Amino acid sequence: MSTGTFPPAKPRFFGGTPLDIQELNEKASLLRQEVVRMVAEAGSGHPGGSLSSADIVAALYFQVMNHRPDDPKWPERDRFILSKGHCAPVMYAALAHSGYFPLCDLLNLRKIDCHLQGHPDMNKTPGVEISSGSLGQGLSTAVGVALSMRLDGLPGHVFVLTGDGESQEGEIWEAVMAAAHFGLDNITVIVDANGLQIDGFTKDVMNVEPLSDKYESFGWTARTVDGHDMAAVVDALEWSRGVAGPAAIVARTVKGKGVSFMENEAGWHGKAPSVEEAARALRELRGEEE
Amino acid sequence: MSEQKPRATREAYGEALLELGRRHDDVVALDADLAGSTKSAAFGKAFPDRFFNAGVAEANMMNMAAGLAVGGKIPYASTFAVFATGRAFDQIRQGIAQPNLPVRVCASHGGLTVGEDGCTHQSIEDIGLMRLLPNMRVVVPADFNQTFAAVLESHDLPGPMYIRTGRPAVPFLYDTPPTGLGRGADVLREGTDISLFACGIMVSRALDAAEILAQRDISAEVVNVSVIKPIDIDTVAASLEKTGCGATAEEHSIIGGLADAVQEVAGELCPVRLGRLGVKDTFGKSGHPEKLLEEFGLTAGDLVSLAEHVLATSNK
């Protein structure tokens, strides 16, 4: 628990005991299993990007971020902003496993009476900081949130997850320009660079690379990591807190990571697995032999 | 009508914003490289820590405003109406209106009277675009004093709001700033033969038209509809019940704006004949503002002709 001093003693809300890398990897695997179950049960949704970003999301919710699931609006919390809103399933799984709402809600994703919308809704789901879904907007909104926190002298840090495909949106670069211009120290962008988007490979659809150089040239400090190397991800996220000005982490990932038949397949961007496919995916994620 | 020298409603926005900054620490303002024109610059000078110029990047401005609202601020985001509602429509829709955030989109340079800059800068669809959005309150004040009151009042209202101001100086219709917008429709002149509903710069023209009609023994009621959404159903319906016919006048397309808002009330509560004065589903062009209003049929004389036509063809 935070001692209430600033900067808060790390970490965080799991009884003050940091998880080791193996435990964080297990959390990430758990999130992936939830994603497969949720999307399969819903019959629609976006598994590919949720699976590619699961390690990053697990690192944030279970290690790096200061947050209080029993007090979602705690003013001193760090904020997670999902700019690539279609990857809501992995955020919902992290929120539920953190304790923001019951785990059983997850299987009602996208259903008519459930608070878990197809894309995040800040007014429906506890722990969701902003509504998102129209790509490119979340980073701009995050810049506004970071400005507001700076005005109020709040200690929290804003972690924003974007995609490499999302980086084709012009508004991303408007926001990147603004964060540097306003000298924001309290914002980190993690680009889930899985190299795929709906219509195919990002390099073929509309090349956005070199992303790291682009961020640097806009005045950010950027770093590239293997987005599935948990120790490297945690290290980069912690590093980003101390960077003067805005920080970018380009996380090289594999779309559909952890499920062999989904990996590097653009078709799994926004398609639900069948019952049989989901069962196979879950066996793989649990490390059970075929 | 007051004898004070006419002033633009955008100037009232600038002065009221400055006053809001003095009164409330949670007020922040944003602009997109038009602070001198929208009049937000005075706030920026007085409160530089609470003013954010997005540069020529309206989309980013709207979402930054949304983020500031998420953080508990009351953001006032200004640019020209055409960019605010056209360029950044999706940001207002998904970033502001859908999450029901208290962002005030304060758009200046509404309508044809932008003048010489031409159709690219003349917003004739903004009221319609904003009216379509759930949660959005749409306000078009008629003069300096009413704009000042509306901006001050906006601080304490829930949810998002669109406030449209104009470039040209317009006559004072309210001697002192009203305490607020009230129900959003004021009967400025009582009449019994026809109701003239107007907003923005067309309100003073509707009063002029009523004066001309009076000389022709036609008693016109003039209603200033400053809140287009949610429209003051009771006042609009009561006026139409009394007069039995009406006409709308707005510096906006005849599609989507005040005309539709009044027609919707009439259609559901008191079906009567209604004429529409506005831009007739066409784009604007360059020219002096007054010449444009003449060419596009938005003068007091045009409203007189329309009112007489409505009366002549109404079966009341």
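Student: Which residues of H4(A) are met by Ala54(A), Val57(A), Ala58(A) and Tyr61(A) in H3(A)?

Tutor: The model is a predicted one. Two residues are in contact if their C-beta atoms lie within 7 Å. On the H3(A) side, the residues are Ala54(A), Val57(A), Ala58(A) and Tyr61(A). Their partners in H4(A) are Val90(A), Met91(A), Ala94(A) and Ser98(A).

Student: How many nonpolar, polar and charged residues does the contact of H3(A) with H4(A) have?

Tutor: The contact unites Ala54(A), Val57(A), Ala58(A) and Tyr61(A) with Val90(A), Met91(A), Ala94(A) and Ser98(A). By class, the contact of H3(A) with H4(A) has seven nonpolar, one polar and no charged residues.

Student: Are H3(A) and H4(A) roughly parallel or roughly antiparallel to each other?

Tutor: Helix H3 (residues 54-64) of chain A packs on helix H4 (residues 88-98) of chain A at an angle of about 30°, and their axes are 10 Å apart. The crossing of this pair is right-handed. Angles under 35 degrees count as roughly parallel. H3(A) and H4(A) are therefore roughly parallel.

Student: At what angle do helix H5 and helix H6 of chain A pack, and how far apart are their axes?

Tutor: Two packed helices are described by the angle between their axes and the distance between the axes. Helix H5 of chain A covers residues 137-151 and helix H6 of chain A covers residues 170-181. They pack at an angle of about 20°, with axes 7 Å apart. That makes H5(A) roughly parallel to H6(A).

Student: In which hand of crossing does H5(A) pass H6(A), and how do the residues of their contact divide by class?

Tutor: H5(A) passes H6(A) in a left-handed crossing. Gln137(A), Leu139(A), Ser140(A) and Val143(A) of H5(A) meet residues of H6(A) that include Glu171(A), Ile172(A) and Glu174(A). The residues of the contact of H5(A) with H6(A) divide into six nonpolar, two polar and two charged.

Student: Which helix gives the most to the side of chain A that touches chain B?

Tutor: In the contact between the chains, 22 residues of chain A meet 23 residues of chain B. H5 and H6 of chain A each supply at least two residues of the side that touches chain B. That side divides into ten nonpolar, nine polar and three charged residues. With eleven residues, the helix that gives the most is H5(A).

Student: Which residues does a cis peptide bond join in chain A, and which in chain B?

Tutor: Most residues other than glycine have a negative phi, and most peptide bonds are trans. Pro210(A) has its place in the loop between helix H7 (202-205) and helix H8 (211-217) of chain A, while Pro230(B) lies in the loop between strand S12 (227-229) and helix H10 (233-243) of chain B. In chain A, with omega about 0°, the bond joins Glu209(A) and Pro210(A). In chain B, with omega about -5°, the bond joins Lys229(B) and Pro230(B).

Student: Why does Asp281(B) count as exposed?

Tutor: Phi of Asp281(B) is near 50°, a positive value in a residue other than glycine. Asp281(B) is placed in the loop between strand S14 (273-279) and helix H12 (289-295) of chain B. Asp281(B) counts as exposed because its C-beta neighbours inside 10 Å number 9.

Student: How many other C-beta atoms lie within 10 Å of Asn264(A)?

Tutor: Asn264(A), with a positive phi near 60°, is found in the loop between strand S7 (247-252) and helix H10 (275-285) of chain A. Asn264(A) is partly exposed, and the number of other C-beta atoms within 10 Å is 15.

Student: What is the radius of gyration of chain A?

Tutor: Chain A comes to ten helices and seven strands. The globule rule gives 19 Å for 290 residues, and chain A is close to that, so it is as compact as a globular protein of that length; its radius of gyration is 18 Å.

Student: What radius of gyration does chain B have?

Tutor: Chain B comes to 13 helices and 14 strands, and 62% of its 316 residues are buried. A compact globule of 316 residues would have a radius of gyration near 20 Å, and the value for chain B agrees, at 19 Å.

Notes: Residues numbered from 1 in each chain as written. Chains lettered and ligands numbered in written order. Predicted model: local features only at pLDDT ≥ 70, side-chain atom pairs only at ≥ 80, totals over all residues. Helix = DSSP H or I, 4+ residues; strand = E, 2+ residues; numbered from the N terminus. Rg over C-alpha atoms; globule rule 2.2 N^0.38 Å. Buried ≥ 20, exposed ≤ 12 C-beta atoms within 10 Å, placed from the backbone. Axes fitted to C-alpha atoms, helices over the stretch in contact; angles between N-to-C directions. Parallel < 35°, antiparallel > 145°, perpendicular 65-115°, else oblique. Left-handed = near helix turned anticlockwise from the far one by under 90°. Nonpolar A, V, L, I, M, F, W, Y, C, P; charged D, E, K, R; others polar.
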